[in-house]
Amino acid sequence: RYSLEQLCGMKKPDQLPTGTSVMPALTSSATNFPSYFDWRELGGVTPIRNQGGCGSCWAFATVGALECNLKIRDGITVDLSEQWLVSCNNSGFGCNGGWWAHDYHLPLSHPEVRFDDCGDYAPVFEADFPYTASDDPCDCPYPHQYDLCINDWGYISEELNVAPVDDIKRAIMMYGPVSVSVYVNAAFQNYTGGVFNACSDEEINHAIVLVGWDDTLGTNGCWILRNSWGTNWGENGYMYIEYG
């Protein structure tokens, strides 16, 4: 059993990145969402991963959203390397924590693209750099799948704000599962099923992916949360967590 310090590695950087776009706010005419939506039932998710005792949730939430997006938009199922992000980023991220790393999956033409130690960019397949749950050296170059680059990425709301529920729903429906940061405590770690509502108003420390919602559960509805702690956690790796 890993400690929360080992499992939770979402850390706000001292200097936040600039130039990242923000999704336009919803208009009142665009808030008619279904009461239930789940990308798992629509073939839009890849298998649950396990980060082990390494605070690399930031890498798994970055890669998780991309893998799901590729499956939804391009109809391909891929297993991309989180270890490449952990070992080869130039942002100071690792098993001791990190922030969103989508910029490393951008194309060369994008002004915000980030490069690894060999000056390369774009996703790497898991088979080419398997996950070790440790701060292994980069040892690049690795084969890069340039055709799997994202066109762009952006925040649903302003970077450090909590986005409105309807804005998150719209992003999930329009773009696929989204990367989200949360605060995790011992109750979250011990979750085995049902609707989770034992939340605390604390600084975020963990990165996950939201794949849908259910307005009929909980007090006012809940998100369907995809974690990176393996299938033995929660409901086969997922959690129902109340809005807010």
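This is a predicted model: local features need pLDDT of at least 70, side-chain atom pairs count only at pLDDT 80 or more; totals for chains, interfaces and linings use all residues.
Of its 9 residues, 9 are buried, so β6 is largely enclosed by the rest of the structure. Within it, D38 lies opposite G212 of β6.

Helix α4 spans residues 165-175. Its buried residues are D167, I168, K169, R170, A171 and I172. The list includes the charged residues D167, K169 and R170. These buried positions pack against four strands: β2 (36-38), β4 (178-182), β6 (206-214) and β7 (222-226). The helix therefore packs against β6, a strand with 9 of 9 residues buried. Directly after α4, G176 adopts a positive phi of about 110 degrees.

In soluble globular proteins, nonpolar side chains tend to be buried together. The largest nonpolar core of this model has 74 residues. Within this core, I172, F188 and L210 touch the most other members. Two or more core residues come from each of α2 (57-74), α3, α4, β4, β6, β7 and β8. Helix α2 makes the largest contribution, with 9 residues. I172 belongs to the buried set of α4. Leaving aside residues up to four places away in sequence, L210 touches I168, I172, P177, V178, V180, W223, I224 and L225. Two of these contacts, I168 and I172, are buried residues of α4.

The model contains 4 salt bridges. One of them joins R40 and D38, with the closest N and O atoms 2.8 Å apart. D38 is the residue that stands opposite G212 in β6. D38 has a relative accessible area of 3%, so D38 is buried. R40 reaches 27% relative accessibility and therefore counts as partly exposed.

Another salt bridge connects E67 and R49, at 3.1 Å from N to O. This pair ties together distant parts of the chain, 18 residues apart. E67 sits in helix α2, whereas R49 lies in the loop between β2 and α2. Both partners are buried, because E67 has 1% relative accessibility and R49 has 17%, under the 20% cut-off.

R49 also forms a salt bridge with D79, at 3.5 Å from N to O. This pair likewise links distant parts of the chain, 30 residues apart. D79 occupies the loop between α2 and α3. Its relative accessibility is 32%, so D79 counts as partly exposed. Through shared partners, R49, E67 and D79 join into one network.

Several backbone features occur in loops. The peptide bond between C140 and P141 is cis, with omega of about 15 degrees. P141 belongs to the loop between α3 (82-88) and β3 (154-155). The loop between α3 and β3 also holds D139. D139 has phi near 50 degrees, a positive value in a residue other than glycine. With 65% relative accessibility, D139 counts as exposed.

A further positive phi in a residue other than glycine is found at N236, near 55 degrees. N236 is placed in the loop between β7 and β8 (238-242). Its relative accessible area is 59%, so N236 is exposed.

Note on methods: Residues are numbered from 1 along each chain as its sequence is written. Side-chain values use heavy atoms; hydrogens and water are left out. Buried means under 20% relative accessible area, exposed over 50%, partly exposed in between (1.4 Å probe, protein chains only). Contact means heavy atoms within 4.5 Å. Two strands pair if DSSP finds at least two bridges between them. A nonpolar core is a set of buried Ala, Val, Leu, Ile, Met, Phe, Trp, Tyr and Cys residues joined through side-chain atoms within 4.5 Å. A salt bridge is a side-chain nitrogen of Lys or Arg within 4 Å of a carboxyl oxygen of Asp or Glu.
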